[in-house]
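Work through the exercises below with the sequence and the structure open. Each task is followed by a solution in steps.

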Amino acid sequence: MTVAVAGASGQLGRLVVEALVAAGERPVAIVRDPSKVADLDVEVRRASYDDAAALDAALVGVDRLLLISGNEFGARVAQHTTVIRAAERAGVELLAYTSIPQAEVNPMILAAEHRGTEEVLAGASVPTVLLRNSWYWENYSQAAALAAQTGVLHGAMGEGRVSGAARADYAEAAARVLTGDGHAGRVYELGGDEALSGPDLAAAIGAATGATVRYQNLPTSEYAATLHAAGVDEQFATVLADSDAGIAKGFLEVRTGDLTKLLGRPATPAASVFAPA
């Protein structure tokens, strides 16, 4: 069985490749720039998500494929569709896609292209499995470092909670799906064991760093402006603030236990991720 990871040079992709190697597999890393994975002792094939011919060559002999969602906002559905069609032509037996919780109804800006991709997958001939990942605790790493310095964690999540886990947890779960049986047609809503509120996140940062940190909730627009003033690109600041609004509405709170079941162990606590290196 040949397992391939598309988008293997990204933060999640590298971890999936490493998890597959640790499980005894010899995965294929599909990347746009092979130099970015030169340190990985695996077969590397060059292809971008919008190059159908290169994808056809990259997927020769591939039995199972992980399609990690791209990062070119606005182009992702078209790019993902190109990968899906190539997987169909290659006769891939299972295609796993990294999506977002409750994608079919999630109102977050980030969810729209995931929803569009899932709609394409629903009509595809290749058997699929959806890995609907909630937040990575690493998403808060920069904010955690700043909060430890200032004593304040800003956000716009209101009374909402986020079920996060370490990026490596989601990577290991993906590796288990890619190498296991009985996953075709499944939809996994993946989140960690902790569902943390804003004050809970502040407490976790404090526990990890030894600092006293409090959570300050802001209106969504004010939070976006605060992020932009701190140096975050204006468009991305809007996306981040909108994501907090989604958390406030419960769309990143995951109570299925799917991640723990796939891992066969508890997910990584937030405080472990926030601890200084």
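**Exercise 1.** Which side chain meets D169 in a salt bridge?

Solution. Before starting, note that this is a predicted model, in which local features need pLDDT of at least 70 and side-chain atom pairs count only at pLDDT 80 or more, while totals for chains, interfaces and linings use all residues. Residues are numbered from 1 along each chain as its sequence is written, and side-chain values use heavy atoms, with hydrogens and water left out.

Step 1. Apply the criterion: a salt bridge is a side-chain nitrogen of Lys or Arg within 4 Å of a carboxyl oxygen of Asp or Glu. The partner of D169 is R265, with an N to O distance of 2.9 Å.

Step 2. D169 sits in helix α6 (residues 167–179), and R265 in the loop between α10 (258–263) and α11 (270–274), 96 residues apart. Helices (H or I, at least four residues) and strands (E, at least two) are DSSP runs, numbered from the N terminus.

Step 3. Check accessibility. Buried means under 20% relative accessible area, exposed over 50%, and partly exposed in between (1.4 Å probe, protein chains only). D169 is buried at 2% relative accessibility, whereas R265 is partly exposed at 28%.

**Exercise 2.** Find the salt-bridge partner of R132 and state whether the two residues are buried or exposed.

Solution. Step 1. R132 pairs with E189, and their closest N and O atoms are 2.7 Å apart.

Step 1. R132 belongs to strand β6 (residues 128–133) and E189 to strand β8 (residues 187–190), so the pair ties together parts that are 57 residues apart in sequence.

Step 2. Both residues are buried.

Step 3. Follow the shared partners: E104, E118, R132 and E189 are joined into one network of salt bridges. In the whole structure, a search finds 16 salt bridges.

**Exercise 3.** Describe the salt bridge between R32 and E72.

Solution. Step 1. The closest N and O atoms of R32 and E72 are 3.0 Å apart.

Step 1. R32 is in the loop between β2 (28–31) and β3 (43–46), and E72 is in the loop between β4 (64–67) and α3 (76–90), 40 residues apart.

Step 2. R32 is exposed, at 53% relative accessible area, while E72 is partly exposed, at 32%.

**Exercise 4.** What surrounds D244, and how far away is the nearest side chain of opposite charge?

Solution. Step 1. Locate D244 in helix α9 (residues 234–248).

Step 1. D244 is buried yet has no salt bridge, and K249, the nearest side chain of opposite charge, is 13 Å away. For charge, Lys and Arg count as positive and Asp and Glu as negative; His and the chain ends are not counted.

Step 2. List the contacts (heavy atoms within 4.5 Å). Leaving out residues up to four places away in sequence, D244 touches G155, A156, M157, Y215 and Y223. The D244 side chain also reaches the backbone nitrogen of M157 at 3.5 Å.

**Exercise 5.** How is the chain divided into domains?

Solution. Step 1. Domain 1 covers 3–133, and domain 2 covers 135–165 + 191–254 + 268–276. These bounds come from an automatic or database domain assignment.

Step 1. The C-alpha centres of the two domains lie 28 Å apart. Their contact takes 11 residues from domain 1 and 12 residues from domain 2.

Technical notes. A polar contact is a pair of N or O atoms within 3.5 Å; within protein, one must be able to donate a hydrogen and the other to accept it, and residues adjacent in sequence count only if both atoms are side-chain atoms.
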